[in-house]
Amino acid sequence: SSSPHGQWQDMMSLLSTWWYFALPLTSLADDLPRQRRMLTQQGLSRETWEALVPEEPQFATVEELERGCLYTGFRVNVDEILSLEDIRQMMVDFYESGAPKLANDQFVLALLRQKRSVAAMCPLAVLQAMLVRTEMLLLSIYTTSSESRDQHAALFSEASQLNVEFNALQRWLELQLGGKPPDFGWPLARGWTRAQRYYDMLWQDVYDS
């Protein structure tokens, strides 16, 4: 098996490509088979596609996307339903608080379990949840002993899968709308900045080791 040093290098390589997939955006909004072929060529497996990308998105314009993000809810558990607007505000408050991690991340995990259905209405919410989850994984890697190889391997595996899914969903959204939509108040840039901070800290540890 690979060493912790090698595992960290592999992870840094994955995260260094977080924001970029080189796909054209021309005339693909209604061509789902072609979208899937293009994304598969970029490393998205059929299984990941089917678990992530909505078959019938409920928006075709930026205005419809904004409405979906404002007025859609999802079930966190049998007793609790949250609106995506509630989630957006919770994420804004979390980032503004400066807290190192969420006191309770169950709503993030629940949203990711329902990512395909949520993405049909508001992919921005799923992208935000992916960023938060990635940050939590990187923080866990950074704060656990380098001797915890099995634990690190599991965290690396989940983070690498999130990397693939984040890029795929982001590009799929751009394909749907013919370009990058507004964030509509979702703190995606702040989420990326926080994840990037832990990435930089881990990379520095790898460099120094």
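These entries record what I looked up about salt bridges in this structure.

**Entry 1, basis.** I worked from a predicted model, in which local features need pLDDT of at least 70, side-chain atom pairs count only at pLDDT 80 or more, and totals for chains, interfaces and linings use all residues. Residues are numbered from 1 along each chain as its sequence is written, and side-chain values use heavy atoms, with hydrogens and water left out.

I searched the whole structure for salt bridges (a side-chain nitrogen of Lys or Arg within 4 Å of a carboxyl oxygen of Asp or Glu). The search gave 6.

I found a salt bridge between Arg-46 and Glu-50, at 3.1 Å from N to O. Both residues lie in helix H3 (residues 46–52), 4 residues apart, so about one helical turn separates them. Helices here are DSSP runs of H or I with at least four residues, numbered from the N terminus. I then checked accessibility, where buried means under 20% relative accessible area, exposed over 50%, and partly exposed in between (1.4 Å probe, protein chains only). Arg-46 is partly exposed at 48%, and Glu-50 is partly exposed at 36%.

Glu-85 is partly exposed at 24%, whereas Arg-88 is buried at 14%.

I located a salt bridge of 2.1 Å, N to O, between Glu-174 and Arg-171. Helix H9 (residues 149–177) holds both, 3 residues and about one turn apart. Glu-174 and Arg-171 are both buried.

Notes
Helices (H or I, at least four residues) and strands (E, at least two) are DSSP runs, numbered from the N terminus.
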